Amino acid sequence: MKPVVTLVGRPNVGKSPLFTSLHPPRAALVADLPGLTSDRIYGDGKFGDRPYIVVDTGGLNGDGSGAGQDISALIAGQARLAMQEANAIVFLVDGRGGLTAGDEQIAAALRQMGKPIFVAVNKSEGVDPHIAAAEFQALGLGQPHAISAAHGDGVTSLMEAVLAELPAAAAEDVEPQEGVRVAVVGRPNVGKSTLINRMLGEERVLVYDQAGTTRDSIYIPYERDGRRYVLIDTAGVRRRARVEDVIEKFSVVKTLQAIDAAHVVIMMLDAREGVHTQDLTLAGMVVERGRALVIVVNKWDGLPQEQRQQVKTDIDRRLPFLDFAAIHFVSALHGTGVGNLFDAVQSAYAAAMRKIATPELTRILNQAVIHYPPPIAKGRRIKLRYAHQGGSNPPLIVIHGNQTAAVPAAYQRYLINTFREVFHLQGTPVRLEFKTGANPYAGRKNTLSKRQVAKRKRLQRYLKK
Ligand code: GDP
């Protein structure tokens, strides 16, 4: 699981410039997907070669809370959850504004978390770092780091200190558990626990009753038809006898980590509720991470015909960017349709891992181009010549040609759909990368056979005449 760094602080201390500097902008292709909402609160960061998740808590902002309100009372809901889930907390204060009572209240609350905490004194540009930090030593949270999020000063050394506290890659990253890793994700009450119980069969469930802690997803090894799986349970199956509040049950961080760790994601929707904004956010996370996907619409039992039609229309309209995934309409409660999910997972996995040979890809590219040529850009037709596979999970297809930067999004979608159909890539996102100019075979020395050398000499002699 990727470690989690959580940012806290009062309003206007400059959390968002720090947030963006920790979490590089998303790939353009993803941002272009129609209907996709991006969630600014959770981001992927990478420092050197170490990936992590950044969470920007809204809860401590205290906006509109009125003067004199106890900030610790605001440490509730998702903000508290985000802090509990953090591997390290960066507490941002305003170096120009100086230490405030609000900062002291936050510090007191943070101390009780028992987490590594780093005080970052922002807006310290042009000030001696020791002087900027001095006042905030009084918070009793260790040596403050003077930074300027807007200018990037001091952020590197802050992050070095933070990352030194983070756990190294977790066990499952180092020694992957055998089998296809399947994460079951969805909003609270969509039926994740019910589905997992169904998939496992009742007798398997009790075994996992005591495993893990409430905060972690549980990894459940499972075998079916001679194939191995590891189900990643974000819901905490069987831990639900206790009444917990809804916010506690649903954790975006936990879901993100599960998606990251999975090969295939089963994303659940509730047929009785339709598509919610939170569903869109989840869908965006899955696509952004390039995960193979199976969509499960649950609670299909006893649903009137017109409501069924409504749900289908809703999905087409609001989740058009998930059209690569199979949709299964099931009843986790009664078990209807659940058996087919294993086949769906297997085929999505196979698609995500597929290896396609260069001549095949190039042949299909050429056919696609003949069938429907790319448009003209700057008076010349865009040329697409070769294709090779640059990676899998998700499949990445690298296309070489001229003026490739001008290939319109609609044409890219046409190419993706063609590749998807021909190479059976249903169930996985497909990514394209374009390269202009350089011949991919340049620099590869082609040693000629004796016959070829003789032939070349003959030709050269002939040309000289
Ligand atoms: P989770 O929060 O996603 O793990 O959801 P649960 O599995 O706890 O299910 C939430 C509620 O929905 C429970 O009351 C289930 O009995 C109910 N439920 C789950 N699946 C179905 C289904 O297929 N049909 C119906 N009618 N109810 C279901």
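I sorted the shell around the ligand by residue class and found five nonpolar, six polar and six charged residues. For this I counted Ala, Val, Leu, Ile, Met, Phe, Trp, Tyr, Cys and Pro as nonpolar, Asp, Glu, Lys and Arg as charged, and the others, Gly among them, as polar.

I note that the model is predicted, that local features need pLDDT of at least 70 and side-chain atom pairs pLDDT 80 or more, while totals for chains, interfaces and linings use all residues. Residues are numbered from 1 along each chain as its sequence is written, and side-chain values use heavy atoms, with hydrogens and water left out.

I looked up which of the 17 residues around the ligand come nearest: Asn189, Lys192, Ser193, Thr194 and Asp301. A residue qualifies as near if one of its heavy atoms lies within 4 Å of the molecule. Helix α8 (residues 192–200) supplies the largest share of the shell, three residues; helices are DSSP runs (H or I, at least four residues), numbered from the N terminus.

A polar backbone atom of Lys192 is 2.8 Å from a ligand oxygen, and a backbone N or O atom of Ala332 lies 2.9 Å from one. For Val190 the corresponding distance is 3.4 Å. The protein buries 77% of the 580 Å² that the ligand exposes when taken alone (Shrake-Rupley method, 1.4 Å probe).

Finally, I turned to Ala357, in the loop between α14 (341–353) and α15 (358–371). Ala357 and Ala387 are 30 residues apart in sequence, with C-alpha atoms 9.4 Å apart in space.

Key:
Polar contact = N/O pair within 3.5 Å; in protein donor to acceptor, adjacent residues only side chain to side chain. Helix = DSSP H or I, 4+ residues; strand = E, 2+ residues; numbered from the N terminus.
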